[in-house]
Amino acid sequence: MISIWFFIGISLAVNGALILAAGIYQLMDPPVNPGVVLYNLHANVWWGAALLLFGLIYCFKFAPGRKA
Amino acid sequence: MTLLPAFILPTRLVHLSPIDVVIVVFYFALVLAIGWYLKGRANTGEDFFMAGREMTAWVAGLSFLSANLGALELMGWAGSAYQYGILATHWYWIGAIPAMLFLALVMMPFYYISKTHSVPGFLRLRFGEPSRVLSAVSFAFMTVLMSGVNMFAMAKVMQIVLGWDINFSIWVSSLTVAIYVTLGGLRSAIFNEVLQFFLIWAGALLIPILGLYEAGGWSNLKLQIAQRASDQYVHLWSGLGSFSHNPMGIHWTGIVFGLGAVIAMGYWTTDFLVVQRILAAKDIRSAEMAPIIGAGFKMLVPIIVILPGLLGLAVLPEKLVPESMAAVTGAHSYNDVLPLMLARYCGPGLLGLGVTALIAGFMSGMAGNVSAFTTVWTYDIYRPLINSKGSDHHYVTMGRWTTVIGVLISVGTAYLVMQFASIMDYVQALFSFFIAPLFATVVLGMLWKRATGPGGFWGLLCGTLSSIGMWAWVKVDPSALRYVALSPDAKGLAQDMYQALWSFIVCLVVTVAVSLATEPVPDGQLTGLVYGMTEIPSVGDVPLYEKPLFWAAVVTVVFFILNIIFW
């Protein structure tokens, strides 16, 4: 049976990748009006990267067929 | 001019970008995929209703916590933190931690070794059929109505925050829940609750991090709140010596005895919605560890709920107002503080994750209600009262149909509330009527062997009726609040605390009096149900760091330290 932690890894990794991609896109093409406070911290880049990393670790550790 | 899809209204608090929409859609796809994957593992009654009783302590513990961590809970308590300050934290600490530890160490062994399917099921074993039916019918009725009320409230939130049409929100969320719970039963609900737990933290944790950065740290935040509101907004206990010296209008006795000793104990130890998750644990050690793990994380929840409300007081340029005033003036209400903070800090992608966390919180709360309703209906109402000779397969089929019907009743309730808004207040009040007396009945049943069946039944009935009576008295004559809550300065929340305390005492007194006037239950019938008549199974020969008692002690020490720090 696939572990619940694997599903959580998938969710965090996909969400992290999407958020990171959105952040990198904004870095390359900065919006004229960012619309958020503390835009200069680029939270979507480091938060997205953290979620992606965390998700990939879970995916690997709890991959189907692998003993956790 | 941008053309919007038909289900999106033009006025809304936040605007989702395409990447945000992808994240929301991915969440729906994932929960349906989990339900689909688990459909082959819900063929027997134990699988469908009890998740096979094979959940680890971590899964059961996080699910136990998540079932209570709904979107309305997040937004409502963030709004309360804006309105009342750090006092709202009491509902997460003294209003939860002692009760969770009590459940783990004192009550869980009885629930677990009795092998009951539900809390009403335990009442049948201890007090007989009348007590079980009284509690099962009230629980089933109120759970499904509460689910509908929450559904409407959430759809309303989605309308305000995202501009989504109410009908769209109601039907998409309820159909999704119906599909994944019908397919995978309790296991599917639990899996999605654990997923929701992670999504909520991933989606909401950035708000306090960035908020504290903007405010200049905790010390500066306290100074700003003292300037914009009051110094009492950042103290947990120091203003509770008098009803009039704190923003909530409550006395410490109401918090300690009403909230901590009665309401929290009642909710966390007898509300089947949360207890069902623990009953699915794989062994006695996991069943005891699960509420302790839940308690550990519960202490952290104020970081993502209370802190954003406090930060809103300090950094939001506008002043938020009560819901009633917001409806007239068009200003934002207290309950909007979390979405406002989300929109303040979260750009494309992060906003989608934050909104997904709110949707996930709502859907898992609804799944929790529906799966608990399904179990109580099938095992505690349908089987004893309507068809006691069905096969296991028959009851699983009944469970699947009940899931669909439960969702449809919830949808019906949501539309009823849409027509008659005052129903929402009545249903929420009604739900609280049963919690405090039920705790008195269950705890007396577990700890006092002299309690009898008639004592349990009449105590539960009189406690519930006394709670309804006090509520109706204040409704008819608001000045009666000075008697129920002991002070004319008391506000709504204080009434709930004292109402619970009195109904608990009524239930206790009636149960004791009737029990002493009736024949004692023979000792042989109490084995496995009552303290002193039951050999509590050992958690096994495990090292200290795996013992529930050790971790309960750790949580207790942290609990006291936190209360002292924020005194």
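**Chain B of a predicted two-chain model**

**Figure 1. Overall dimensions of chain B.** For the 567 residues of chain B in this predicted model, a compact globule would have a radius of gyration near 24 Å, and the 23 Å of chain B agrees with that; the quantity is taken over C-alpha atoms, and the globule rule is 2.2 Å times the number of residues to the power 0.38. Along the principal axes, the C-alpha atoms of chain B fill a box of roughly 75 × 55 × 55 Å. Residues are numbered from 1 along each chain as its sequence is written, and chains are lettered from A in the order in which they are written. The model is predicted: local features need pLDDT of at least 70, side-chain atom pairs count only at pLDDT 80 or more, and totals for chains, interfaces and linings use all residues.

Figure 2. Chain B has 23 helices and zero strands, assigned as DSSP runs (helices H or I, at least four residues; strands E, at least two) numbered from the N terminus. The mean pLDDT (the predictor's confidence in each residue, from 0 to 100) of chain B is 86.

**Figure 3. The side of chain B that touches chain A.** The contact (C-beta atoms, placed from the backbone, within 7 Å) takes 26 residues from chain B and 24 residues from chain A. On the chain B side, α1(B) gives the most, with seven residues.

Notes
Contact = placed C-beta atoms within 7 Å.
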